[in-house]
Amino acid sequence: MAGRPMETHIVDPSPARHTLSLSTGITIFLPATSPLAGGMALRIYPDEQPQLLVPNPFGAGVMVAGVDGRDNLGFAMTVFDRVLLRHLVSFEKLTPQDVRGCFLDLAAKGFAGRETQKLARMAFTALAARRSAIQQKVSELLAGIAVHSDLPDYLGNIFSYLGFSADCIRRGGGYSALNERTPPRLAIIRNALRGLAPSLHSLEGNNLTTGRVITVATEALRRMEALYAAHAGLLAEPDRLAHIGVSCEGAVREIATLDGWVRFALLLEEIPRAPCATHMLADLASLAQILSHSNHAAAARSPLANVGRPSLASWPPEVDHSLYIEERNERLMHMSLLYDIKEN
């Protein structure tokens with residue numbers, strides 16, 4: 001396997017950090033409700049129309065299409081996903097925080113069903129309260145330090161998005177912020193890292209595909225943990241923030257796929273419920289493909305590029321495939337909302 005299979009980078013909070021270009025686009029995971037086996041993402045460019053990324057339902061790899069071509073992707077998109085996309089493409093500059101906020105807003109309005117609506121309303125209220133508390137703590141942290149005018153909002157949004165507790169945002173907190181009250185999303189990423197290989201090896205699938213998924217997911221999950229550590233490290237020496245700007249494109253690239261890797265981790269917990277092991281392995285591979293997609297990754301360089309979907313002939317005939325995927329995605333969405341609530 002030659003080269004790096006993943007495109008994203010961890011944030012380097014040092015004053016000498018170089019600004020990265022987003023000219024090749026940034027992949028933002030979408031909390032879709034459509035009966036997709038893996039997941040869906042939006043590829044955002046600075047000067048071009050965004051593109052949808054979905055697992056290729058007709059073979060291997062990732063299918064890329066303009067948002068106007070969403071009806072030609074091989075599956076029926078739900079009303080929620082259509083409305084979500086319509087809202088997201090209207091943003092002049094889209095961020096992962098915008099995606100999560102838009103998702104919660106639409107879910108709280110009932111577009112994704114009554115049970116999801118109740119959870120989304122709880123998460124929306126809790127998130128607003130936590131964000132306000134974190135912004136206050138960030139202001140206290142930066143008191144007396146001459147920083148970039150946009151830095152307080154940036155840090156407040158990032159700490160809120162990552163799920164840090166407001167009580168842990170304090171001068172000298174450092175890495176204790178990850179141990180005193182471990183952010184729930186970080187906890188599930190750590191659990192996934194510990195159980196990744198045993199869980200996937202428990203599936204009676206293709207050993208080659210299993211190894212590839214483990215390689216890509218392990219690298220990505222470790223980078224997500226490093227992302228948390230990098231931001232917690234900013235609390236140890238806040239005076240360094242005086243030398244840091246807010247053009248942290250490397251961090252944005254990682255954060256944009258965070259919720260997708262959380263879904264990957266939650267999918268691992270779904271393995272005992274899986275009606276068919278080979279399909280479960282393919283779903284995990286498809287999601288990893290979406291999250292690690294790169295415009296510069298040639299098929300020969302991507303370890304998951306030629307991993308295709310198994311035929312439905314191998315699916316148990318007594319289980320409706322589309323219904324199972326739809327119900328599973330709903331469970332994953334509810335779990336994600338519960339994490340939003342738990343973070344408070």
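Colleague: How many salt bridges does a search of the whole structure find?

Modeller: The search finds 16. Keep in mind that the model is predicted.

Colleague: Start with Lys109. Which residue does Lys109 form a salt bridge with?

Modeller: Asp105. The closest N and O atoms are 3.2 Å apart.

Colleague: Is Lys109 buried or exposed?

Modeller: Lys109 counts as exposed, at 53% relative accessibility.

Colleague: Next, Arg170. What does the side chain of Arg170 meet in a salt bridge?

Modeller: The side chain of Glu180, at 2.6 Å from N to O. The two residues are 10 apart, and both sit in the loop between helix H4 (151-162) and helix H5 (184-201).

Colleague: And how accessible is that pair?

Modeller: Arg170 counts as partly exposed at 34% relative accessibility. Glu180 also counts as partly exposed, at 44%.

Colleague: Switching to helix H6. Where do Arg223 and Glu219 lie in it?

Modeller: They are 4 residues apart in H6, which covers residues 207-233. That spacing means about one helical turn separates them.

Colleague: Buried or exposed?

Modeller: Arg223 and Glu219 are both buried.

Colleague: Which residues do shared partners join into one network?

Modeller: Arg100, Arg185, Asp259 and Asp340. Salt bridges that share partners join them.

Definitions and conventions
Residues are numbered from 1 along each chain as its sequence is written. This is a predicted model: local features need pLDDT of at least 70, side-chain atom pairs count only at pLDDT 80 or more; totals for chains, interfaces and linings use all residues. Side-chain values use heavy atoms; hydrogens and water are left out. A salt bridge is a side-chain nitrogen of Lys or Arg within 4 Å of a carboxyl oxygen of Asp or Glu. Buried means under 20% relative accessible area, exposed over 50%, partly exposed in between (1.4 Å probe, protein chains only).
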